[in-house]
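Hi,

Here is the structure you were waiting for. Please open it alongside this note; my findings follow below.

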Amino acid sequence: MLRSARAAAVHALIPAAERFPDIPIVEPDLAGLSDADARLAVAIHRTALQRWLTLEHILDRSLKQPARKLGPEVRAVLLAGAAQLVFLDRLPAYAVIDEAVSLAKSLGAGRAAGMVNAVLRKTDALVAGRSEEPWTPAADRLPDGEGGAIELSRNVLPKPDNLLAHLAVATSHPLPLLQRWFKTFGRETAAAIALHGLTQPPTFVVEDESARPWTGTANELRTWLAADPARRVQDPASLASVAAAADLDPPPETVLDLCAGRGTKTRQLAAVFPDARVVACEPDAGRLDDLAAAAEAIPNVTVRRDSDPTSHAPFDLIVLDVPCSNTGVLARRPGARYRATSTHLRSLVGLQREIITRALDHLAPSGRVLYCTCSIDPAENQEQARWLLEHAPSGAVLLREATLLPTPPDTEGSGHDGSYHALVGPPV
């Protein structure tokens, strides 16, 4: 098997091609690659995920059968090759196509090598150039993710007079998801959210509970974080959720982080409430290891290896950063957009309500619940906050609530993800 950036990207895309739209989280294996090749592998993999529907729409123009019906190895090779030819413009086309053919052969799809060669050559010929002029919908123009456009040599996209169908292909968001956004936010805002999903989001670091964009290298970031356990990577939209409870009076003495994940909000809670005892629960073994490592140097945090904090109840503040559709962070988690179906949403809503019910069993009589997501869907947010109110102890009210829509980075490198939070408890 070839050991290269392109091979690493294709290998990570094969499980995605096997299970699309329920894409598993599989990152490229970067072992043995140079820094430059590692960056290329990540870029190819990310671009293929982020632009999946766009790429397959283009590929289908040159295929005898839809790309989705191809074997996962060939599908992955074509997606990786097309991602480079259409969106990564500094790569020589001959090298991209030649290695795609070699990869197809090495993956046991030698009979498809000729087809891979022909389809990618046609894909390369479709790209007419780049423009720094702001993108506007057109059948021969794609958004480049940086505000500009990729000009195509012919009309291959749906006509923009049907904006929903056009955006579904041009921005690679499933039509049902865009329909929900159009209904909730209106055409203009929904289109802006879809374009945000194509951006490369900045990395934010937090020190003294203030977020700023990181401008150094990845190695410099690791060194900076290691120097102080209070430092962390966290987007301002995530930071805003716990910050909404920072002025509670009296401050909580006991805090439960019931869906702690890898511990980002756990560390924030420990910093915001330094005199409180914080209990962090996480049932997933993989995330639990990261959580335990994050909390190791924080004296007021206890990590539980299950999701039942009974022995520590009751709690003055319970934080529910529940599993959600991730529709506020699609620029960071590009594969999540394809799972955002109505069926998946209903399943998540049911799970969220189970978590809320379990949490209320551990709430002190005068305690408060901070419910938060990285979703922008009302079914997971405002509607769940109302459901929480209906099931909360008598007298509880909605103390505060906010939705942050994703905002693209500006010239200062700012901007933020999308998020939602609601604080419920006795009136102040």
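This is a predicted model: local features need pLDDT of at least 70, side-chain atom pairs count only at pLDDT 80 or more; totals for chains, interfaces and linings use all residues.

Now look at how strand 1 is held to strand 3 (residues 149-152). The two run antiparallel and are joined by four bridges. Within this pairing, V127 of the sheet stands opposite L152 in strand 3.

Next, the helix pairs. Two packed helices are described by the angle between their axes and the distance between the axes. I picked out two pairs for you.

Helix 7 with helix 8. Helix 7 covers residues 163-170 and helix 8 covers residues 175-185. Their axes come within 9 Å and cross at roughly 125 degrees. A crossing angle of 65 to 115 degrees would count as roughly perpendicular; helix 7 and helix 8 are therefore oblique to each other. The crossing is right-handed. On the helix 7 side, the contact uses L163, L164, A165, L167 and A168. On the helix 8 side, it uses L175, L178, Q179 and F182. By class, the residues of this contact are eight nonpolar, one polar and no charged.

Helix 2 with helix 4. Helix 2 is residues 35-50 and helix 4 is residues 72-87. Here too the axes come within 9 Å, but the crossing is at roughly 95 degrees. Helix 2 and helix 4 are therefore roughly perpendicular to each other. Helix 2 contributes I44, T47 and A48 to the contact. Helix 4 contributes L79, A80, A83, Q84 and F87. This contact divides into six nonpolar residues, two polar and no charged.

A few backbone details are worth a look on screen.

- F20 and P21 are joined by a cis peptide bond, with omega about 10 degrees. P21 sits in the loop between helix 1 (5-19) and helix 2.
- The peptide bond from D249 to P250 is cis as well, with omega near 0 degrees. P250 is in the loop between helix 11 (236-243) and strand 7 (254-257).
- D208 has a positive phi, near 55 degrees, and is a residue other than glycine. D208 lies in the loop between strand 4 (204-207) and strand 5 (210-213).

Last, the overall picture. The protein has 15 helices and 13 strands. Along its principal axes, the C-alpha trace spans about 70 × 50 × 40 Å. How does the radius of gyration of the protein, with its 428 residues, stand against that of a compact globule? The globule value would be near 22 Å, and the protein has 23 Å, which agrees.

Best wishes

How values were computed. Residues are numbered from 1 along each chain as its sequence is written. Side-chain values use heavy atoms; hydrogens and water are left out. Axes are lines fitted to C-alpha atoms, for helices over the stretch in contact, and angles run from 0 to 180 degrees between N-to-C directions. Angles under 35 degrees count as roughly parallel, over 145 as roughly antiparallel, 65 to 115 as roughly perpendicular and the rest as oblique. A crossing is left-handed if the near helix is turned anticlockwise from the far one by less than a right angle, and right-handed if clockwise. Contact means heavy atoms within 4.5 Å. Ala, Val, Leu, Ile, Met, Phe, Trp, Tyr, Cys and Pro count as nonpolar, Asp, Glu, Lys and Arg as charged, and the others, Gly among them, as polar. Two strands pair if DSSP finds at least two bridges between them. The radius of gyration is taken over C-alpha atoms; the globule rule is 2.2 Å times the number of residues to the power 0.38.
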